[in-house]
Each structure stands twice: as C-alpha cells, then as structure tokens.
Amino acid sequence: MESRRLTLLGRLAMLACLPYLALKLLWVLGFDIGVVDPHRFSRTTWVAANVFTFLLDAIAAVVAHTLTRPAGRRTPAWLLLFPLWAASGLLIPLIAGVLGGSLAGVFTDLPHPMGSGNFLQPWVFVVVYGGFTVEAVTLLGAFAVYAHQRWGDLLRLPLGALPDTGTRAVQRIFLVPAGLLLAALGAVCVLWGAGSDLGLDAAQVAARTVVSAASAWSEGLLLLAGAVGLLLLALPGPPSRLRVRTALAAAWTGSATAFASGGWQWLAQAVPAGLSSGASTATAGLPGLVGALELFAGLTVLCAGAFALSELTVGMRGNVPGQMIVERSRTRTST
C-alpha cells in the first residue's frame, strides 16, 4: 500500500513540474509567452536566470522519479536528502507566502504584485504557483513515505530514546547556537510581517506588498519552529512521548528555510551588488545581515546533520546490524 502511495505521489510530483519546465524552456528559446515587459532585464540575465531555475525544477523531477524506483532505497542518502532539503526550504515558505498573501489580499487594500500585470500576465502566476503548490504537496508527501520506509524505526522512536552517538556532544556545540540564531532571526521576520520598520530603509518600506508581508510571517514562523526542533534534538531532556520525526520535521523545515529561502534572497541582492558599483548598498542594513545569517545558520545545520546522518545510518551499510542502534535505544529507554 505504501509503495503504491509513494509511486502515485512521485508521479504526480513529476507531472506538476512540467508546466513550469515548459514555460521556462519557451522563455529560454526566445518565446516570451506571458511576458508583458520582455526588456526589463538584459537577454543574458533573462536566459541565465531561466536556465538556472529550469535546472532546479528538473532536479526536483528527477528526485521525484528516483523516489518511486526500487533502486531509490539503495541510492546514497545525501544524494536525495540535500535536494529535498533545499526544495523544502524553497517551496514551503513560497507557497505559504503566496497563499497567505492572496487570502489576506481579499480582506485588505494592500497591493498584490501578482495582479498588477506590469511584468508577467496574471495567468502565468496561476500556472507557476499552482504547479508549485501541487509539487510541494506531492514531492514532500512522497519523501515522507520514502523516509518512513527507509528510516522508519529511527523516526518512530520517542525523542528521549534518540541514540547518543559518538559526536553528539560536539554537534550540540554547533546546533544549540544555530537554534538560538534561528529563533532571533525568526522573531525579526515576524516583526517585519506584522508591519514593523525595524532596520528597513524608505525604499524597502515602500516596496511592501501583501505577499511580502505574508512571506515574512511564514518565514519567521518556520524559523522559530526550526529553532524549537533543533533544541529538542540537540539537548537532552526527560522521557517524552514526542517522536523523533516531529522534532526532526520542524528542524528540517526551519533550517531548510534559512538556507534556501533566506540564502536565496540574500544572494539575489548580493550578486547584483557585487557586479555593479552603483548597487553597492543593496545588501546593507538589517535585511542583508538577516539573509547572510540565515544562510550561515542553514549551512551549520547542514554540516551537523550530515555527521548525524552518517552515524545513525552506519549500521545500515555494513558492520553493525541495522536495528542495533534502535534496539539499544529502546532498551535504554525502557530501563
């Protein structure tokens, strides 16, 4: 039953990628379908940006296909986990921001950038973000099924039974500060979503829309959830009925949001600023600092998570029976 569900979700995720991939391919080939102002960017910048985003979604489609194949269980974990982690950090805050902003726009008079038609026709946003919504639900749903098939014994453990691996004490040195940093950054994002002008210049305040406000809210809440998840995983605590998968899902999503969404926003400003002397202040101020710190926190969690994954799955690759770590943890918890 789970295999059939995984296959269905994976295939739906691949289909959800097709409209976006087709649109990007047409734009790269010079067909400006749905583009109102094709001269807003230079041709080189336009093609490079569309090729890059085409490749990102193509990787998502390949990963979705791999999850549905029997060989997917034998694929090196990092080869699937990294793109899925990055996809989580891009898709979840993006969809939350767009859907939240669209809903808020019904009840407020704040401008909605997707309905202006200044750059892209409104139907383009419907196609793109409709596809992203289906892709997020199906791709991450397929990954959840896959993860429980491959690491279910570990994910279902009570949080207090999490194996005390050899480098866990060292991991805490990195994960605890990263969690506290995510909490601070999340609080700042929530303040921006609530309308605060903290650290914003006049241009940034004037550029606010209902979608940017909802995006700041969703990003901030995801970062706060990630901080809670990281601290639950890193710090020893009393026995609890809370499962590893719950804390791990929060830490996964929050850290991925910091790395992919926060890092992407910062790089989108930093790269043009580095190439243009006239834009040298594009990444200045608190927004630039928050984006850089989000990227740093995400990279820190990525490195610590890679060590943890290697230790927790070592028994599945060779010398130690795959269940030994899990059974040892259950025994320690029951006593």
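This is a predicted model: local features need pLDDT of at least 70, side-chain atom pairs count only at pLDDT 80 or more; totals for chains, interfaces and linings use all residues.
A contact here means heavy atoms within 4.5 Å. Residues are numbered from 1 along each chain as its sequence is written, and side-chain values use heavy atoms, with hydrogens and water left out.

**The chain as a whole**
- The protein chain has 10 helices and 0 strands, where helices (H or I, at least four residues) and strands (E, at least two) are DSSP runs numbered from the N terminus.
- Along the sequence, that reads α-α-α-α-α-α-α-α-α-α.
- Of the 335 residues in the protein chain, 40% are buried, meaning under 20% relative accessible area with a 1.4 Å probe, protein chains only.
- The accessible surface (Shrake-Rupley method, 1.4 Å probe) comes to about 17300 Å², and carbon and sulfur atoms hold 70% of that.

**Helix pairs**
- Two packed helices are described by the angle between their axes and the distance between the axes.
- Axes are lines fitted to C-alpha atoms, for helices over the stretch in contact, and angles run from 0 to 180 degrees between N-to-C directions.
- Helix α5 (residues 168-193) packs on helix α7 (residues 210-234) at about 155°, with the axes 7 Å apart.
- That makes α5 roughly antiparallel to α7, a label for angles over 145 degrees.
- Helix α1 (residues 2-28) and helix α4 (residues 122-155) pack at about 150°, with their axes 8 Å apart, so α1 and α4 are roughly antiparallel as well.
- The α5 and α7 crossing is left-handed, that is, the near helix is turned anticlockwise from the far one by less than a right angle.
- The crossing of α1 and α4 is left-handed too.

**Helix α9**
- Helix α9 (residues 285-312) has 28 residues and reaches 41 Å from its first C-alpha to its last, close to the 40 Å expected, a figure that is 1.5 Å times one less than the number of residues.
- Its buried residues include Pro287, Glu294, Gly298, Thr300 and Ala308.

**Alanine 260**
- Alanine 260 sits in helix α8 (residues 244-275) and counts as buried because its relative accessibility is 7%.
- Leaving out residues up to four places away in sequence, alanine 260 touches Ala86, Gly89 and Leu90.
- Alanine 260 and glycine 298 are 38 residues apart in sequence and 8.0 Å apart in space, C-alpha to C-alpha.

Conventions. Buried means under 20% relative accessible area, exposed over 50%, partly exposed in between (1.4 Å probe, protein chains only). Angles under 35 degrees count as roughly parallel, over 145 as roughly antiparallel, 65 to 115 as roughly perpendicular and the rest as oblique.
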